[in-house]
Structure formats: C-alpha cells, structure tokens
Amino acid sequence: MQALSIESLVKTYQTHSSSPVDALKGITFDVRPGEIFGLLGPNGAGKTTLISIITTLEKPTSGDVRVFGQSVTQNAKATKTQIGVVPQEVVSSGFFNLEEILKYHSGYYGIKENSARIQHLLQRLKLTEHKHKLMRQLSGGMKRRMMIAKALVHSPKILLLDEPTAGVDVELRTQLWAFVRELQKEGVSIVLTTHYLQEAEALCDRVGIINKGELKYVGDTKEIIAQLTQKKVELITQDGRKVNFLLNKDESLGKALREKGISLDEVHNLITTEGTLEEAFVKVLST
Amino acid sequence: MTGFIFLFKRECHRFFKVLVQTVLTPVISASLYLLIFGVSLGQHVELTGGRYLAFLIPGLMMMGLMNNAFQNSSSSLVSSKFTGDIEDLGIVPLSRSQIIWAMSLASVVRGGMVAVTTLLVGEAFYIAKYGELLLPEHPLWLIYFVIMGGLVFGQAGLMAAFWAKTFDQLSAISTFVILPLTYLGGVFIPITQLPPFWQNICLLNPLFYFINGLRFSMLGSADMEVLPSALLVLVFCILLNVFAHRVLTKVSFSRW
C-alpha cells in the first residue's frame with residue numbers, strides 16, 4: 001500500500017472578479033512508504049494547494065487523495081492522524097510557550113500524556129533550553145525547528161514539509177536535512193517542496209515536477225537527471241590541449257573519443273561531471 | 001473526546017493568561033456603572049416594587065457575560081487567523097462539533113466568571129447601601145441563563161470571527177450589533193417604563209430575553225415571565241448551533 005496516492009486531483013478556484021483558476025489539473029502520482037519525495041515546481045505551480053488538500057485545509061474539486069489507502073475526503077479524521085505538516089509560513093501561537101504548544105497539539109490528536117515524546121523532540125531539535133519561551137521570542141531558525149517538533153509530536157507516518165528552508169541560513173538547512181534523513185531511517189515517508197534543487201537532488205529518492213497545475217514528470221531523481229541532462233566531459237591531452245564535449249545518456253565515452261579522433265594513449269586527464277536536477281528541471285519546464 | 005477537552009482547556013488557559021484584560025477590565029466597567037447609575041443616579045429612579053440597584057446588578061451581570069463570551073471565541077479565532085494557528089484547527093483530527101462546543105464552553109467559563117465577579121462587586125455596593133445581601137431567588141434558573149448566555153454568544157463570536165476578513169469587520173459587529181442590542185435590551189431600565197411602541201421593539205431584541213431571564217433568576221420578578229424567556233433562549237442556542245455547524249463546514253481555516 002502506498003503512503004500517499006494522489007488520484008486525478010483537480011482544484012478549481014472560483015473567483016468573483018475573473019474567470020475560474022485551475023490550480024491543479026488532474027494530477028496523479030504515488031508516494032511510497034519510507035521514501036523522500038520532492039515536489040518541485042515554480043511559484044504558483046500548485047504545490048501548496050496540493051499540500052492543503054492532503055491536509056484537508058482545502059477540498060478538491062474532483063479526484064481524491066488516499067493516505068495509506070484511506071480517503072482524505074471520506075475519512076479525514078483517520079488520515080489526519082497519519083500526517084504531520086510543516087507549513088510554509090511560521091505559526092506564532094502568541095499566548096503559549098513551546099512546551100504548552102506541544103502539549104495542546106498532542107491533545108488535539110487524542111494523546112493525553114505525551115511528555116516523553118515532547119521532551120525527546122525538544123532535545124533532538126535543540127529547543128530544550130527555550131521550552132518556556134513564547135514563539136515570538138525565538139529566532140527564525142528556532143521557529144522553524146519548533147514547527148517541525150509540532151508536526152512530529154503525534155508521531156505521524158507521513159511528514160509534509162512545505163518549503164521548510166525558505167529564508168533560513170546554510171547551517172540550519174544542513175541540520176534540517178540531516179534530521180529529515182534520520183526520520184526517513186525511522187520509516188517516516190516525507191514529501192517536501194523546496195526551491196533549493198541541489199538539496200532536492202541530494203535528498204529525494206524520487207521527484208514530481210508540477211507546473212501550472214499539471215504534473216510534468218514523476219520518477220526517480222537519478223533517472224530524470226540521466227534522461228534529461230548531458231554529462232559534461234573535460235579532457236586534457238598529453239600535449240596540453242583542452243577538449244570539452246557533452247555526452248548523452250546512451251552515448252559511450254569510448255565512441256565519443258573515437259569520433260573526435262582521440263585515442264586513450266593521448267589522454268592526460270579526464271573529468272566528467274554529471275548533469276544536475278536543476279538542468280533537468282529547467283528542461284522539463286521548457287517542454 | 002480528548003481533543004475536545006484539550007481545546008476547551010487551551011481556550012480557558014488563553015484567557016487566564018490575560019486575566020486583567022479578560023476579567024478585571026469588564027468588572028471595573030461594571031463597578032463604574034454600579035457607582036454612577038446604581039448608587040448615584042439610581043436613588044432618583046422610581047421602580048414599582050423594587051430597588052434600582054437590585055434591578056441593575058443582574059442587567060450588568062448579563063451584559064458582561066454576553067460581551068465577554070462573544071469576545072472570548074471571536075478574539076481567540078481572529079488572533080489565530082493573524083498568527084496562523086487557525087490552520088492547526090483545520091489539520092488536527094477535531095470535528096467541527098468539537099471545535100464549536102469546546103470554544104463556546106470556554107466562553108461560558110469566561111462569561112460566567114465575569115458575571116460572578118460583577119455580582120460580587122454588586123453585592124459590595126448593595127451591602128454598603130442597604131446593609132444586606134442580594135441573594136438569588138432562583139439559583140437554578142441563574143445557572144441556566146449563565147450557561148445559555150455563554151453558549152449563544154460564544155457561538156455568535158465564533159461565527160463572526162470566521163466571517164470577518166479584517167479586525168475592523170469584527171469590531172463593527174461588536175459596535176454596531178452587539179452593543180446597541182445590549183443597551184436596548186433592558187439592562188438599565190425596565191421595558192415596561194417605555195412607550196408601547198418601543199416596548200414592542202424591545203421584544204424583537206433577542207438579548208432582552210437573556211437579560212430578563214437572569215433578572216428573574218436574581219429578583220424573582222422581571223418584565224416578562226421566566227418560562228417564555230427560557231424557551232426562547234433555548235431556541236436561540238439550538239439555532240446558533242445549527243448555523244455554527246453550517247458556517248464551519250463552509251469556511252476556510254486559512255490564515256490572513
């Protein structure tokens with residue numbers, strides 16, 4: 001059974017002033033149990049709308065989302081307990097300190113006593129010494145970590161991260177991604193949206209690329225890079241001549257060298273650079 | 001059930017964190033009303049068969065209760081829309097019914113606390129003026145009207161907060177709807193002292209029945225018999241509950 005199944009999902013926003021806006025135009029894909037799935041797309045592609053439908057904040061116009069086989073439209077209460085969400089914008093919970101926020105949030109999920117989990121998350125996300133502070137007293141990075149703690153307080157099987165590293169510094173981003181990898185090892189399925197394609201490339205087992213509400217590509221991260229990008233080859237011959245060329249996925253290096261009239265004996269140094277997810281992403285969007 | 005209890009506790013905890021603003025401020029307003037209208041101007045008001053201060057105390061209790069019950073749910077939700085917490089309510093496994101009941105019961109607690117503290121302050125004035133306590137004639141009716149007032153105005157505040165798109169819109173509901181209806185609902189004067197036309201207008205004001213009911217509970221008499229008031233208040237509560245469910249099914253839990 002898939003962790004998430006997005007089935008022919010359509011979302012149309014009716015507007016009073018202009019014609020209806022199609023935010024999602026029949027998207028279908030699955031997220032497998034225990035994988036990190038990257039949902040990529042430019043601003044306004046429909047990523048946050050999709051996450052809002054998975055979390056039941058929005059209702060689909062048609063189609064459905066299944067969480068471990070259960071429909072979010074038919075059985076929302078059951079699906080909500082399986083999902084943790086880190087929204088794009090920070091939530092500040094003005095009146096309560098971190099410990100209180102986590103305690104109440106656990107309660108909403110039906111967990112009366114959750115102190116051990118709360119202390120564990122605070123410690124793991126380096127927030128223990130700040131647990132009596134209000135959200136507004138925290139730095140931007142601490143707020144982000146707190147949002148993750150809140151999303152994980154009920155031990156969900158799926159974690160949705162909607163651009164969790166937007167505007168955070170490099171050190172925090174590195175810490176967050178290390179934490180995401182640890183969660184994956186614990187069996188949590190993770191769906192993340194990010195604009196940092198280098199990170200998506202390093203982290204995600206598979207990616208889905210959406211643009212203007214349409215799913216343009218879904219598949220293995222390495223596969224999309226191999227399929228849609230070219231390998232860069234930089235060669236220096238024994239006599240110091242530099243030769244640069246590109247290799248397609250199916251082309252062999254030996255054949256390319258033969259075509260260029262260069263024998264292996266002439267090669268002094270050879271550097272190959274794989275294509276990037278960013279290049280593949282741009283190619284997908286341009287088609 | 002646990003989720004409901006935690007949301008109820010959170011809503012009570014929220015107003016306890018700002019107790020000066022949520023309970024003390026309305027009590028100070030009520031004290032000023034009691035001093036100016038009840039003690040000072042009140043001695044010139046003639047009421048058939050009663051003391052004006054005794055008439056005023058239950059009116060102020062219900063006025064404070066209604067305003068604070070409304071504000072408890074509405075300000076909690078509007079500030080949640082502002083800070084983003086409102087999305088939490090949408091994504092956690094709480095039913096619409098649990099949200100409505102937890103928030104309106106917390107409104108009952110805050111409204112009840114304001115009503116009780118207003119009564120205590122009123123008692124101090126009453127003892128100072130008449131040397132005796134003003135004891136409720138019908139304590140069970142008193143409890144009934146306090147709970148119903150809190151539930152109805154808690155639900156009204158919840159709907160207003162979901163409807164409002166800005167702080168101004170919410171403030172407009174308080175200023176242009178709740179406040180005039182409260183003042184014209186018989187808090188300060190018995191409607192029987194008004195001309196017949198205005199008496200009929202007051203009977204169209206739903207808030208009159210809450211004030212009338214609480215006054216009957218305290219004094220044993222009021223402008224109208226208690227049973228019609230009690231029944232109408234129950235009908236209002238059921239209607240608002242139905243409306244609140246419809247509102248929560250349709251609205252978005254999105255932040256501003």
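Two residues are in contact when their C-beta atoms, placed from the backbone, lie within 7 Å. Keep that in mind as you look through the views below, which come from a predicted model.

**Figure 1. Gly50(B) and the residues it touches.** Leaving aside residues up to four places away in sequence, Gly50(B) touches Phe55(B) and Leu219(B). Where does Gly50(B) lie? You will find Gly50(B) in the loop between α2 (19-40) and α3 of chain B.

**Figure 2. Two helices of chain B packed against each other.** Here α3(B) meets helix α9 (residues 206-219) of chain B, with axes 9 Å apart and an angle of about 135 degrees. Angles of 65 to 115 degrees count as roughly perpendicular and those over 145 as roughly antiparallel; α3(B) and α9(B) are therefore oblique to each other. Their crossing is right-handed. On the α3(B) side, the contact is made by Ala54(B), Ile57(B), Pro58(B), Gly59(B), Met61(B), Met62(B) and Met66(B). Facing them from α9(B) are Leu207(B), Phe210(B), Ile211(B), Leu214(B), Arg215(B), Met218(B) and Leu219(B). Sorted by type, the residues of this contact are twelve nonpolar, one polar and one charged.

**Figure 3. A helix pair in chain A.** Helix α8 (residues 221-228) of chain A and helix α10 (residues 277-286) of chain A have axes that come within 9 Å and cross at roughly 70 degrees. That angle falls in the 65 to 115 range, and α8(A) and α10(A) are therefore roughly perpendicular to each other. How is this crossing handed, left or right? The crossing of α8(A) and α10(A) is left-handed. From α8(A), look for Thr221(A), Ile224(A), Ile225(A) and Leu228(A); from α10(A), look for Leu277(A), Ala280(A), Lys283(A) and Val284(A). This contact is made up of six nonpolar residues, one polar and one charged.

**Figure 4. Ala149(A) in the largest nonpolar core.** In soluble globular proteins, nonpolar side chains tend to be buried together. Which residues touch the most other members of the largest nonpolar core? Among its 140 residues, they are Ala149(A) and Leu160(A). The element that gives the most to this core is helix α3 (residues 52-83) of chain B, with 15 residues. Setting aside residues up to four places away in sequence, Ala149(A) touches Leu102(A), Leu121(A), Leu122(A), Leu125(A) and Leu127(A).

**Figure 5. Where chain A meets chain B.** In this view, 21 residues of chain A are in contact with 20 residues of chain B. On the chain A side, the elements giving two or more residues are α2 (76-82) and α3 (98-108) of chain A. With four residues, α3(A) gives the most to that side. The chain A residues that touch chain B divide into eight nonpolar, nine polar and four charged.

Methods
Residues are numbered from 1 along each chain as its sequence is written. Chains are lettered from A and ligands numbered from 1 in the order in which they are written. This is a predicted model: local features need pLDDT of at least 70, side-chain atom pairs count only at pLDDT 80 or more; totals for chains, interfaces and linings use all residues. Ala, Val, Leu, Ile, Met, Phe, Trp, Tyr, Cys and Pro count as nonpolar, Asp, Glu, Lys and Arg as charged, and the others, Gly among them, as polar. A nonpolar core is a set of buried Ala, Val, Leu, Ile, Met, Phe, Trp, Tyr and Cys residues joined through C-beta atoms within 7 Å. A residue is buried if 20 or more other C-beta atoms lie within 10 Å of its own, exposed if 12 or fewer, and partly exposed in between; C-beta atoms are placed from the backbone. Axes are lines fitted to C-alpha atoms, for helices over the stretch in contact, and angles run from 0 to 180 degrees between N-to-C directions. Angles under 35 degrees count as roughly parallel, over 145 as roughly antiparallel, 65 to 115 as roughly perpendicular and the rest as oblique. A crossing is left-handed if the near helix is turned anticlockwise from the far one by less than a right angle, and right-handed if clockwise.
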